[in-house]
Amino acid sequence: MASSWDELTLAFSRTSMFPFFDIAHYLVSVMALKRQPGAAAEARKNPLSSWFTAMLHCFGGGILSCVLLAEPPLRFLANNTNILLASSIWYIIFFCPYDLVSQGYSFLPVQLLAAGMKEVTRTWKIVGGVTHANSYYKNGWIVMIAIGWARGAGGSIITNFEQLAKGSWKPQGDEWLKMSYDSPVASKTLQDLPLPHTQFALTSSLIILSLFTALYS
């Protein structure tokens, strides 16, 4: 007989990420962008560039996973509802009168709630990436790990290319040289996920992920 905890986790797993968890993901991502030096001034000087950067922060993981699987990189941008929702979050964060959204977000309980909901979204993205990769490469656990990690932490990698294109890239901020919070968290999440339908033992993959996490934590 299933325990109450198992029933709770099963019910939670069926909870839709839209719109509340997606809003939290977009809110944390765009607020991280706004806190970068000169981001607020750039938004008023060149709104289109700021909007494009915000979309990379919000959907970068999906774009990177599409590139790795040789799929159209803009496939994730085909969801008009998510694009409109993320764009609305970007607009109210950068252009809200008296900066009310940023002031409300500055309260620690709000940040903790939004960050927790974003991590739930990250877990779902990683699971989706692993499942999607398995549909292409049966038993290809290395590919599953790579795509799952890309879905969970790819936004930080994609924004490096955006900074390079704008001429604002700096070596000390490179995600490969100095990884941000997203990459180790995505790696640790992958350690706890069983890879579906694989015939190989997971010991090797867990060792790789453990070494990766130890290096960049």
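**A helix and its two partners**

Mentor: Start at Leu85, which is buried because its relative accessible area is 18%, under the 20% cut-off. This is a predicted model. Leu85 sits in helix α5. Leaving aside residues up to four places away in sequence, Leu85 touches Phe18, Pro19, Asp22, Ile23 and Tyr26. Take Ile23 from that list. Ile23 and Leu85 are 62 residues apart along the chain, and their C-alpha atoms are separated by 7.4 Å.

Now step back to the helices. Two packed helices are described by the angle between their axes and by the distance between the axes. Helix α2 covers residues 20-34, and helix α5 covers residues 80-95. They pack at an angle of about 45 degrees, and their axes are 9 Å apart. That angle makes α2 oblique to α5. The crossing of α2 past α5 is right-handed. On the α2 side, the contact is made by Asp22, Ile23, Tyr26, Leu27, Val30, Met31, Leu33 and Lys34. On the α5 side, it is made by Asn82, Leu85, Ala86, Ile89, Trp90, Ile93 and Phe94. Sorted by class, the contact of α2 with α5 has 12 nonpolar residues, 1 polar residue and 2 charged residues.

A pair of aromatic rings is described by the distance of the centres and the angle of the planes. The whole structure holds 5 aromatic pairs. One of them joins Trp90 and Phe95. Their centres are 5.5 Å apart, with 80 degrees between the planes, so the pair is edge-to-face, as planes over 60 degrees apart count as such. Trp90 is buried, at a relative accessible area of 9%. Phe95 counts as partly exposed, at 22% relative accessibility. Trp90 and Phe95 also belong to one aromatic cluster, together with Tyr91 and Phe94. Trp90 and Phe94 are among the α5 residues that meet α2.

Helix α2 has another partner to look at. This is helix α7, residues 108-136. The axes of α2 and α7 come within 8 Å and cross at roughly 110 degrees. That makes α2 roughly perpendicular to α7. From α2, the contact uses Phe20, Phe21, Asp22, Ala24, His25, Leu27, Val28 and Ser29. From α7, it uses Ala114, Ala115, Met117, Lys118, Val120, Thr121 and Lys125. The residues of the contact of α2 with α7 divide into 9 nonpolar, 3 polar and 3 charged.

Gly129 is buried, with a relative accessible area of 0%. Not counting residues up to four places away in sequence, Gly129 touches Ile147, Gly148 and Arg151. Ile145 is 16 residues from Gly129 along the chain, and the two C-alpha atoms are separated by 8.5 Å.

The protein chain has 10 helices and 0 strands. Buried residues make up 43% of its 217 residues; Leu85, Trp90 and Gly129 are among them. Of the contacts with a separation of 6 or more, 74% join residues 24 or more positions apart.

Note on methods:
Residues numbered from 1 in each chain as written. Predicted model: local features only at pLDDT ≥ 70, side-chain atom pairs only at ≥ 80, totals over all residues. Heavy atoms only, no water. Axes fitted to C-alpha atoms, helices over the stretch in contact; angles between N-to-C directions. Helix = DSSP H or I, 4+ residues; strand = E, 2+ residues; numbered from the N terminus. Parallel < 35°, antiparallel > 145°, perpendicular 65-115°, else oblique. Left-handed = near helix turned anticlockwise from the far one by under 90°. Contact = heavy atoms within 4.5 Å. Nonpolar A, V, L, I, M, F, W, Y, C, P; charged D, E, K, R; others polar. Phe/Tyr/Trp six-rings, centres within 6.5 Å; stacked < 30°, edge-to-face > 60°. Buried < 20%, exposed > 50% of the residue type's maximum accessible area, 1.4 Å probe, protein only.
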